[in-house]
Amino acid sequence: MTVAVLCFCSCNKFLETTPSDFLSPANYYETEEQLNFALNGVYDILGQRAVYGDALISRMGTEADEGFYAVSSFSGPQVYSHSTADTYVLNLWQLLYDGINRANVLIENVNKPKMDEGKRNAIRGQALFLRAYYHFLLVSNWGDIPLMLKATNSANETSITRTSQKQVYEAILKDMEEAETLVETAQTVGFGGKINKSAIRGILARVCLYMAGNPLNDVSKYKDALKWSKMIIDENFHALNPSYQDIFINYAADKYDIKESIWEVEFWGNTAGPYREGGRVGINTGITNPSTAAYTYGFIQTTARLFNSYGSAKDLRRDWAIAPFRYQSQGTIKANWNATQVYERHCGKWRREYEVVSPKSMNDSPENFPLLRYSDVLLMFAEAENEVNGPTPEAYDAINAVRKRAYGKLLPGAVNVNEANVPPGLSKTGFADYLREERSRELCFEGLRKYDLIRWGILGSTLKQVSAEINANAPAALKYAAKAGTNFTEPRHLLLPIPIYEMGINKALTQNNDW
């Protein structure tokens, strides 16, 4: 008995020793370096396959009037045939909440190390913004969602109710507005992969436009969208790249252009060696290419509606955004489509031939994906200015700047620079209609169109129109492109369903309408 007691006391003493090789908030976040490692983990969510690394650039989030998923047998969010058990829906939900929790843990521990306060504030600001941005992706896809502003500390914390969209958006604004005061300027940061003041202001403008439209319809937010977008313009730092195609060549060639590309998702390398930071930009959303040297699936083909909206090839964006050719043989020979072959054409913005990494991977590319470009800021300003003050000269100037670039009027030696201008004398409604089409011409295939159509209240009607156009005009082999419009029902498909797996774990969740 004496031996047993002595052994028991010895074990108790031994077990009181704190393990030094186990990472937890209690023994981590002790240095500036550790804070930056943790911040990298918050950013990492953006490039995951279920987010912008794959899903949100082609398989979901792009199901609108610009293109169609070019696989006749495909089912899922892209053609509105998904269920509450859909893998893409579940993975996106889970990863966004993973990112939110990573941000929460960092925010709660950011004050632990002794370090320069300016650097600490910059880290906190980035974490606050990313927490808000992940909530923004959730609320714009699912509506009412659980609002998570504290880290989850136990696996037993599974009963969390949904918060109203209005409250979630208010929390998003609060986080982003605080973050804007903490992070560095775009000039200081110098590249688009890191959050900067301009990026936050631009996304704040986007958030306010979403709040001003359906389903919240808080029209007071147009003034806030106008304020945030105008701040970027008035700073006189950002500018349009004179060449539209160079924007996307830069993404392929690993070149930054912080004046045009304000915020982008970072991808890198070809997965050779120990690192895997590639995405599928240019692989999913490129010109079909059978060559193993630059393999491209070409999952997205265009609609005649988008192609015809450009008017002619004078709008230089048309034949860059929509490839006028296809690859043959081993990907070295190009053959042009004829004038009637429209639905056969692929998204052409991201072209693997310009990638500088060698050898090229068949399933991973180093091309970054834009989340905010300066042209979007100009168009958001024009939209908000029109809603608040009507089609003023300032609104015309903003949209005309984008159109001048589209027609090559910002290039050296350009003549007749007014050729591209929006027709003068439009009414407020007429200007709004023109701007809606201009956003598609400029920003197509960048993951914004579906949400624009939702906030304007015209997603369902637009999809039905496009479906009818496809059934009437597309080649017989491509009439399956009408599936999205045929399958779409409202209000069911205005939001994604709460994943059934999550509802099984969190009994406090309720399901969206008609799911």
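Patches here are made of residues with over 30% relative accessible area and no salt bridge, where like charges are joined within 9 Å and nonpolar side chains (Val, Leu, Ile, Met, Phe, Trp, Tyr) within 5 Å. A salt bridge, in turn, is a side-chain nitrogen of Lys or Arg within 4 Å of a carboxyl oxygen of Asp or Glu. Accessible areas come from the Shrake-Rupley method with a 1.4 Å probe, and for residues only the protein chains shown count as cover.

This is a predicted model, in which local features need pLDDT of at least 70 and side-chain atom pairs count only at pLDDT 80 or more, while totals for chains, interfaces and linings use all residues. Residues are numbered from 1 along each chain as its sequence is written, and side-chain values use heavy atoms, with hydrogens and water left out.

With that in hand, look at Ile500, Tyr501 and Ile505, which make a nonpolar surface patch of about 290 Å². Tyr501 belongs to helix H19 (residues 500-505); helices (H or I, at least four residues) and strands (E, at least two) are DSSP runs, numbered from the N terminus. Tyr501 counts as partly exposed because its relative accessibility is 48%, given that buried means under 20% relative accessible area, exposed over 50%, and partly exposed in between (1.4 Å probe, protein chains only).

## The largest nonpolar core

Now for the inside. A nonpolar core is a set of buried Ala, Val, Leu, Ile, Met, Phe, Trp, Tyr and Cys residues joined through side-chain atoms within 4.5 Å. The largest one has 144 residues, and those touching the most other members are Tyr52, Phe129, Tyr133, Trp142, Met176 and Trp263. Helix H5 (residues 117-142) is the top contributor to this core, giving 13 residues.

What does Tyr52 touch, not counting residues up to four places away in sequence? Its partners are Leu46, Ile57, Tyr133, Leu137, Val265, Phe267, Phe369 and Leu371, where contact means heavy atoms within 4.5 Å.

## An enclosed helix

Helix H10 (residues 244-252) is largely enclosed by the rest of the structure, because 7 of its 9 residues are buried. Those buried residues are Tyr244, Ile247, Phe248, Ile249, Asn250, Tyr251 and Ala252. They pack against S2, helix H12 (318-321), S6, helix H14 (393-406) and H15. After H10 comes Asp254, with a positive phi near 60°.

## Backbone details in the loops

Two cis peptide bonds are worth a look. One joins Asn214 and Pro215, with omega about 5°; Pro215 sits in the loop between helix H8 (197-212) and helix H9 (221-234). Another runs from Ser358 to Pro359, with omega near -5°, and Pro359 is in the loop between strand S5 (333-336) and strand S6 (369-373).

Positive phi values also turn up in residues other than glycine. For Thr271, phi is near 70°; this residue is in the loop between strand S2 (261-265) and strand S3 (300-302), and is partly exposed at 24% relative accessibility. Phe445 has phi of about 65° and lies in the loop between helix H15 (428-443) and helix H16 (449-455). Is Phe445 buried or exposed? Its relative accessible area is 7%, so Phe445 is buried.

How many disulfides does a search of the whole structure find? The count is 0, a disulfide being a pair of cysteine sulfur atoms within 2.5 Å. For Cys347, the nearest cysteine sulfur is that of Cys444, 6.9 Å away. Cys347 is buried, at 0% relative accessibility, and Cys208 is buried with a relative accessible area of 2%.
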